[in-house]
Amino acid sequence: MDEANIRASKDIPPAEVADVELYHAKSFWTKYVFSQDAKVIAIQYSGTAAAIGFVALVLSWLMRLQLGFPGLADFITIEAYYQFVTIHGMIMVVYLLTAVFLGGFGNYLIPLMVGARDMVFPYINMLSFWFYFLAVVLLVVSFFVPGGPTGAGWTLYPPQAILSGTPGGSGAGIIMMLLSLIVFIIGFTMGGLNYVVTVLQGRARGMTLMRLPLSVWGIFTASVMALLAFPALLVASVMMLFDRLLGTSFFMPTLIEMGEQLSYGGGSPIMFQHLFWFFGHPEVYIVALPAFGIVSDLLSTHARKTIFGYRMMVWAIIGIGGLSFIVWAHHMYVSGMNPYFGFFFATTTLIIAVPTAIKVYNWVLTLWRGDIHLTIPMLFSLAFIVTFVNGGLTGLFLGNVVVDVPLSDTMFVVAHFHMVMGVAPLMVIFGAIYHWYPNVTGRMLDEAMGKWHFWVTFVGSYLIFFPMHYVGLVGVPRRYPELGDSAFIPDSVQMLNSFISLAAFAVGFAQLLFIYNVITSLRRGKIAEKNPWRATTLEWQTPDMPPTHGNWGDELPVVYRWPYDYSVPGAAEDFIAQNDPGPQPAGETKT
Amino acid sequence: MAIALVLVLVVVGSIVFHIFSPWWWTPIASNWGTIDATLTITFWITGAVFAAVILFLAWCVYRYRHTPGRVAAYQPENKKLEIWLTVVTGIGVAALLAPGLVVWADYVTVPDDAVEIEVVALQWQWNYRLPGADGKLGTVDNRLITFENPLGINPGDKAGLDDLVIEADALHLPIGQPVKMLLRSIDVLHDYYVPEFRAKMDMVPGTVTYFWFTPTRTGTFEVLCAELCGVGHSFMRGEVIIDTEEDFQIWRDEQETFASLSES
Amino acid sequence: MIIVLLFLLVVAVIAGRWLSRQGLMSQPWLEVGVGDITEGRDRTALSGAKLGLFVFLAVVGGFFALLVSGYVMRMGYPDWRNTPMPPLLWVNSALLVMGSVLLHNALLSARKGDRATTRLALAVAGVAAFGFLAGQLVVWQQLTDAGLGLTANPANSFFYMLTGIHGLHIVGGLVAWGRTTLAVFGDHPVEQQVTRIELSALYWHFLLFVWALLMVVMLGWADDLVNMCNQLLR
């Protein structure tokens, strides 16, 4: 041990958690249900999110059934259609994507990747999941209250969200929705505290910030952003709940509903939009940044090459995270806010394109001169790049205030955000599941089924959402259950809609295949090697595989290098693990 | 291997679809050709970037796919290349933003000779109010709305008495005359959207929003609501008819004023 | 939204200062090993619990900044009338100050190992907090009696909501206070509870600070400043 190491070990004691009791769960209940093991909580989060995500998938089928073949399914009334739209959007954005990236991947990867035994506050972490679970239950219950769930659109804009002209507006639907969001946010705050503090305090010796895998950088930054952005949704939800239940007028101006004067007066609907998008825009990056981080690691590992421009990648993540708080009003160019804000928000929005483009270049340049293994995680990563670049570029249309004017509130917007924050992050989630499944279960997912899943999902989603932009260009507004009899919409648009619906059904069925694969591979999957992808990061270097509670056995890892030592010239293998001290000068022992 | 081919197909297919598909924006009927121009610029720049990035990606996948014995290059970064790419991206973004902001400045600056016309939206129909002989719109208050006074015009305000009220019927506008559309809603959010005019703006209860345009083509155009406003959203349609000056005067003379409506 | 942006600016400055010491400009692929390279960059000097509290306070701070942002946005409308502030609010504020001072005193005593003083200070601080909550309820009652109920006008709606949410945070603090007090009244040496008492005291100081800002805004002392900002953004 050299002198520096001795000093370091004195100053920085290993992150032993005092209460080792925790790591020996006694009963089934404490081990699997009220578990405080971040890895189990991660599975609970992901499983719940997948279950509610399946509901969202079915809702999207029903919507596409209505849009592609209007009149074919009588039970899809207009009310039902709006309810499907709303709940589908809400589930996908909040209860699926946010929960999977932060609650799922965050919980699983952060402690393992930074070399911690667990989250810093395991008990609060457990509570976080159960709050999330309760939020999901409340959302599901809203389907069964009188009047059904809210049909206000996922943006829940007042005044219509709490009026009787909107499904669930005068019933309990909107109340359940708001309560569910409030519970979700409280639960997320508990989880978010853990993710942030664990990255700050729980890192193993030698794990400096610049040695963090980009996955951790992405999830960490997204967690910080979520902690600051979700309160805006909380404020908006609480105030709307006051308006709905107690008769205050925070968002409610003087208005006449169906010929009748309501007792509201003086409130500002635009204030809700400001609060909503102050959360809503960072939310886009709360989903995107973990995807950025994870895909960087997948690309680097499966191309056996160091990530290109690691420093730029880190700076871009921080820059995007910061900038995303001053662009929110680009969702409101035609909302009737002060039109001069448009200059400011268009400029900030287009500036964000620069760090985002740098990330794209660096992903592609990581592949350049690499040794590209076309594994399923790699395929999904490539699909991510295609869909993300496509969706990001259409963002330049909508972010540029005047170009947004004819396109806003049309199907172009729907196509854009599905491509960029629906399909693209989901590609990463799928790639990541194929990548880390052996780490979680000790078995590989079936490759043949995986290939089918990949091809149908990638090609299918592109066929759904690329042509959809052109439906919007024609001028078809979003949130219309059918095209109606409009002179400016040619009949061929209906044909295109039917085609899109067929593609959507196919993509949906591919997800059933994926779920089947995940379940059956638990038993029948090929037993995984200890580090099947020959990755450098710490989660593959645990003494037990899959890692057990406490992660590291008797001794915490010590980190000697950054996470992207792939194909280092002169090294014995094409990767060097982060906790590998490497060739030691003669006469020294390993620490 | 197949993936490299599919990536190329994605690019080629997207471009072919863009050029040959029959789905394109409606023929313009207002002065906002500049908006279409910025859209076209955006299509060119983003299309070129999309093709370049994905084709390069496809080539990388093909050229550097794993074969026995291949070793990846070791290159943690390349400052020169990164700076160069950042600068080019910056220029591209500026080329998109600059014309956009110039046109936006036009969009928010209403010309002095624009005629004010009020659109009043409610669930789920469009009403209009045109200034009468005095050329001025009277004051309004949502609290005055009754069955007889659907727009809540203030009867105490003389300027409002001669205002023309059009309830749930088509709006006529003269060609070539700039119009400032004052947008008002008496219940929830709506959005006055005529695809051929390109311009649109939300209507927010409690405030009056606006946009302006000059009709450049006579004909009948469909008005749609573009902001979710409840179950009738997709049925909230209307017509706006662009007339010649003479036809417009004839139509205008047939309309009832607020004063005559309240008497009857 | 200007208030919450100012708040975020403060957060960004703190985060930026910390990040600037983390070697973000270093080239990690050239640095192998532990020791000098990683000195001081492994983790911050704070304990996990304390850092957790600071992060939590940042979240709560953002939450209140957003509420006040809403308040300030609404103030710009012509029909706005500030809620008259019942004099009792000053008594309540004094109770809150007292709680903060006492908790700080408890912390100092606990550090010295003075069990009796620690117990006394903690107990009285709790009483003060309950007194504050009771006082707030009386204020609500007084306002309602005076015809200024929740829906009477927008300023009132905000007044009830802001004081209510602040009160809920005090209630949450009382749960932590209860656990700390139970521990201090137990048999273990009082020095073991120093961290707990410190966290409670920090939380209390923070809520006092938030309360002070809320008072400044609701009393209308910030009106001129706010109107100026609203003018600029019109």
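## Chain A at a glance

In chain A, 80% of the contacts with a separation of 6 or more are between residues 24 or more positions apart; two residues are in contact if their C-beta atoms, placed from the backbone, lie within 7 Å. Please keep in mind that this is a predicted model: local features need pLDDT of at least 70, side-chain atom pairs count only at pLDDT 80 or more, and totals for chains, interfaces and linings use all residues. Residues are numbered from 1 along each chain as its sequence is written, while chains are lettered from A and ligands numbered from 1 in the order in which they are written.

Chain A holds 15 helices and two strands, where helices (H or I, at least four residues) and strands (E, at least two) are DSSP runs numbered from the N terminus. Its C-alpha trace spans about 90 × 50 × 50 Å along the principal axes. The radius of gyration is 25 Å, which agrees with the value near 25 Å for a compact globule of 591 residues; it is taken over C-alpha atoms, and the globule rule is 2.2 Å times the number of residues to the power 0.38. Of the 591 residues in chain A, 66% are buried. Here a residue is buried if 20 or more other C-beta atoms lie within 10 Å of its own, exposed if 12 or fewer, and partly exposed in between.

## Helix H15 and what follows

The segment after H15 has some backbone features to look at. Arg534(A) lies there, with a positive phi of about 55° although it is not a glycine. Arg534(A) is partly exposed, with 16 other C-beta atoms within 10 Å. Most residues other than glycine have a negative phi, and most peptide bonds are trans.

## The loop between H5 and H6

Another cis peptide bond runs from Pro158(A) to Pro159(A), with omega near 5°; Pro159(A) belongs to the loop between H5 and H6 of chain A. Thr155(A) is in this loop as well. Thr155(A) is partly exposed, having 17 other C-beta atoms within 10 Å. Thr86(A) is 69 residues away from Thr155(A) in sequence, yet their C-alpha atoms are 8.1 Å apart.

## Where the chains meet

Between the chains, 97 residues of chain A are in contact with 83 residues of chain B. Helix H10 (residues 341-367) gives the most to the chain A side, with 13 residues.

The largest nonpolar core has 354 residues, and Val364(A) and Leu57(B) have the most contacts inside it. Such a core is a set of buried Ala, Val, Leu, Ile, Met, Phe, Trp, Tyr and Cys residues joined through C-beta atoms within 7 Å. Leaving aside neighbours within four places in sequence, Leu57(B) is in contact with Val364(A), Leu367(A), Leu382(A), Ile385(A) and Leu7(B).
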